[in-house]
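Visitor: Could you walk me through this structure, a piece at a time? I'd like the conventions spelled out as we go.

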Amino acid sequence: MVMSDSSPALKTLCKPGPRLKLYHFLKNTYCCQAEHKPIRSVLVANRGEIAIRVFRACSELGIKSVAVYSEQDKMHMHRLKADESYLVGKGLAPVEAYLSIPEIIRVCKENDIDAVHPGYGFLSERSDFAQAVIDAGIRFIGPTPEVVQNMGDKMAARKAAGEADVPIVPGSIGAVTSKEEALSFCEKHGLPVIFKAAHGGGGRGMRVVEKMEEVEESFERASHEALASFGNGEMFIEKFIERPRHVEIQVLGDKAGNVVHLYERDCSVQRRHQKVVEIAPAPHLAEEIRDKITDAALRLARHVGYENAGTVEFLCDERGEFYFIEVNARLQVEHTVTEEITGIDLVQAQIRIAEGMTLDELGLTQERIVPRGVAIQCRVTAEDPAHDFQPNTGRIEVFRSGEGMGIRIDSASAYAGAIISPYYDSLLVKVISHASDLKSAASKMDRSLREFRIRGVKTNIPFLLNVLENEKFLNGVLDTYFIDEHPDLFQFTASPNRAQKLLTYLGEVLVNGPQTPLATTLKPSAIHPHVPETPVGTDPPEGLRDFITCLGPEAFAKEVRSRKNLLLMDTTFRDAHQSLMATRVRTHDLLKISPYVAHKFSNLYSLENWGGATFDVALRFLHECPWERLEEMRKRIPNIPFQMLLRGANAVGYTSYPDNVVYKFCELAVQTGMDIFRVFDSLNYLPNLILGMEAAGKAGGVVEAAISYSGDVSDPKKTKFDLKYYTNLADELVKAGTHVLCIKDMAGLLKPEAARLLITAIRDKHPDVPIHVHTHDTSGAGVASMLACAQAGADVVDVAVDSMSGMTSQPSMGAVVASLQGTPLDTKLDLNDVSEYSAYWEQTRTLYGPFECTTTMRSGNADVYLNEIPGGQYTNLQFQSFSLGLGDLFEDVKKAYREANIVLGDIIKVTPSSKVVGDLAQFMVQNKLTGDQVVEKAEELSFPKSVIEYLQGYIGIPHGGFPEPFRKRVLKDMPRVEGRPGAEMEAFDFDKLNNEMRKSHGNVSDRDVMSAALYPEVTNEFLHFREKFGPVDKLDTRMFFTGPKVGEEFEVTLERGKTLSLMALSVAEDLKPNGNREVFFELNGQMRSVLIPDKVAMKEIRVHPKANKAVKGEVGAPMPGNVIDIRVKEGDNVAKGEPLVVLSAMKMEMVIQAPDSGTVKKVEVKIGMKLEGEDLVLVLE
């Protein structure tokens, strides 16, 4: 019989009636009686990767997918992946939007939705939500409201477990709602206990308490978290099981009462009770225990009439006993590993079960479910593992995933440009690996995570990699103490992130201008200097360094003295550019020419390439490590001795240091590649000189004691520094054991006749000691003076390659070489090689236009015989004058320099004493004072710090003593230093400094610590700069100083075999609300952008200040979030570790503690204020 659609009988059959459920409790017996009704559309009441996971399942089933999104998620990927998407919770807080049941039901009704999938988190375990969905005539893809309610209520779940004969952990009978109840339970049952959110899971609102005094605080924090996460702050308390494994059983139940398990997962790798890594199946779980746990899970599921997907969780102790924890009546984050080992799509199964299909119809009978291999899931989160996993927010600037065979990636917000907000969970992506065994799966996971590149926010990938490489993990020996008992998991090798950091630097230059002060308006040229070729694959010829490394300093000195020809030291790598370009030449340009020098100039006495002003200028202005410069030059020039300037007891600083600092410095310098230490003292103060000599000698270096030259030994009217003064000083230095004697003519005052007199006198007294003469060519007489020295018996003279010589630099290498050709003193250098070497520097010099001394100094100047300004100081003094607004008065500064020298007692002038004279000269010009007026008004003037410290004796005692009464008038009752300053200083505590630096900068090297011992603030700023901007020393010089032009293509070689191809595309005209400007680049063919705060524009915008890491006492927000509690006020005294402010973000609360004891000077936040990471919270003093 055929019935029409209008038949009353058919209408009666189609009329909904009571649903019939049959429960079968015999194992492997399945019922097939269930109502089946297809689903046409599914709304996912969630966000992020789980929403997309459900959408994909819907797509494969031919079902329309519908997304909901909050106002804050309008750009989020999950709304774009759905067939339709609708805004919910307009005007509500970010989390509240997804917790608004009326809003979600409204969207369902307005858009004819068949079913709702809750995902996990948010409303997934709210029975009132499940009931509201059903009451609206919509299907809920999950357990029944009754089951959700009973299983979500931990007390009801425990009761049900007991009724089903499932072992349970002792715990509270009902919900605990106050800290007083919590304290009472703990006093009655003892510690340790664990607080859990009574109406939710996922580690939110969970605290382990081991001390009675922590009970109340922990309860309040846990309850607040639970309230924020689940809308209910009630807690459940149970005894804490020691050393358990966390094993959970995946179950599926249908509407006909059939239930199966899909085996277990091990979730023991946890942090703060939140799962980090999950494994299926659980490694080394005995078959007998597996059977007992899965049977227990099925008993409970059948007892409560469980349908759809759920997880029954257990703790297993070391004896094989297991205890029920809870049921998660929803899909779990880690469901993926079960899918991988069983081949079953759990989300599709959920939907089909909601349609009314039975497990048998789905082919999901227990005997058909067989695990294959091992799967691991890692949750990649936007958290900083180096800082207690603080949530990290911001924009993902770069995203590249690690794919390939055996890897599955579930994500939603992981793409370049995605904004990671503080409002939601920090999960970025789930990575799942699948292989035949645990070690193979771990290997695939390790490979995949190493391929990831996520820039812009910090992630936990370094931590995950440490877990995956841990032997206990690889052997499957796990419990919930795994992370706590392996502190090595928190020892990270920081990701260099070099490319993105360099883009940030270039963006900073393009938006805010040069990051090192430019001294003039000249710009670097656009030239790429031609580097002369060197033989490929051949080692450079042997040089004098072999005598040092093989036979020692004494043999080296003997060999130098035995040579009949004149030896040269090339200063191009240090003093030449210090004198001509304010020490600004970068390692990048020095290294390019280094191989050529090694091959063509192997018979040089040495290369002066380190120490002196190059040390702090490298850190301060060039933002590069001087130690790395030395190390890299040594790799390229293995055959020529290196020489550095050691300022005696001042090392490479401008003041005295404890003796152990000088010794340690010399030791590290030799280890890094230094050979010859030219030891000098700025006042020729013998105790300071001898300390430096002893330190250099103990380190294994060649000691070249230097006598700083001033005056004129050929002028009988100049009696302070006469010939006898110098010969006596030479006697003392030879007696102290110097290997080589040096005359350091730092101002170029040594005239040819004076040179002949001085060198002859010293040679006659010390015939076996090599003599080395250093000068500057400021007057233009340098070549003549050096030739006179050579003819009088000097073994070595200083020169600079032609294009870097003359004026305040050293005499011309080519001129000296040519002058001695064919004579007994022939240097044996090839003029053609000198010419090629010079051509490189002639081009390279144009890159340093902003620092070029020729902008004001066109030629040598004989007035140096009057003012006695050292060549190395001349250009620096000139640029300092410009920066002080005295550029047009530099001639006055030079005259004042001469007067200042007389006021200070006519002293030897070399760093740091030359700086004292220069500071006083500029002080005089600025204040329009003559030398006589300075002396007369000394008691009422505020002198530069360097002048006061000189007069106190901090850099030593000058020849002839301090000028009186000037000294007495300036110092009044200030303390004086008698004798060698460093002799009275306590030994420096390097270990203490190392520990302090590690707190601020993570891993630091001994060289970093040494730099900080010499220049604390400069080194701290340099390290912060490097952490922010990366290896800027790899940039071409023009790019470093002024950045690229828009549309310009260029390359950056990071290391051998790794070269970046870059192009600057544009700088956005529009300013972001927070004052940032977006700069666009192309990197290796891919678009990249960086956000740079526009410092000029931000002056007109109110932006919350950032904590300056370099300023002690400024306390910053460790993570973005809302201020929910302020525990202190201005004027309060706080102890180290005392709570200051409480933040809430990503449903987690964070207490900001005092980093040190002190007084609260200023509070910069208010309750309810939203903060970004590193925003200034308060200031301590």
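Guide: To begin with a term, contact here means heavy atoms within 4.5 Å. The model is a predicted one, in which local features need pLDDT of at least 70 and side-chain atom pairs count only at pLDDT 80 or more, while totals for chains, interfaces and linings use all residues. Residues are numbered from 1 along each chain as its sequence is written, and side-chain values use heavy atoms, with hydrogens and water left out.

Visitor: Okay, what is Lys744 in contact with, sequence neighbours aside?

Guide: Beyond the neighbours within four places in sequence, Lys744 touches Leu645, Arg678, Phe680, Ala706, Ile707, Ser708, Tyr709, His774 and Val910. Lys744 sits in strand 28, residues 740–744, where strands (E, at least two residues) and helices (H or I, at least four) are DSSP runs numbered from the N terminus.

Visitor: And is Lys744 buried or exposed?

Guide: Lys744 counts as buried because its relative accessibility is 3%; the cut-offs are under 20% relative accessible area for buried, over 50% for exposed and partly exposed in between, with a 1.4 Å probe and protein chains only.

Visitor: Which UniProt annotation covers Lys744?

Guide: An unreviewed UniProt entry carries "modified residue: N6-carboxylysine" for Lys744; such positions are given in the numbering used here, feature names are shortened, and annotations may be inferred rather than shown by experiment.

Visitor: Switching topic, at what angle do helix 22 and helix 40 cross?

Guide: The axes of helix 22 (residues 613–620) and helix 40 (residues 1016–1029) cross at roughly 40 degrees and come within 8 Å. Axes are lines fitted to C-alpha atoms, for helices over the stretch in contact, and angles run from 0 to 180 degrees between N-to-C directions. Helix 22 is therefore oblique to helix 40, since angles under 35 degrees count as roughly parallel, over 145 as roughly antiparallel, 65 to 115 as roughly perpendicular and the rest as oblique.

Visitor: Which residues make that contact?

Guide: Asp616, Leu619 and Arg620 come from helix 22, and Val1018, Thr1019 and Phe1022 from helix 40.

Visitor: Last one: in what order do the strands of the open four-stranded sheet run?

Guide: The order is 31-32-33-34, with antiparallel pairing, and two strands pair if DSSP finds at least two bridges between them. Strand 31 (1049–1055) and strand 34 (1086–1093) are the edges, each pairing on one side only, and the twist averages 35 degrees from one strand to the next. Helix 17 (residues 498–512) lies across strand 31, strand 32, strand 33 and strand 34, at about 55 degrees to strand 34.
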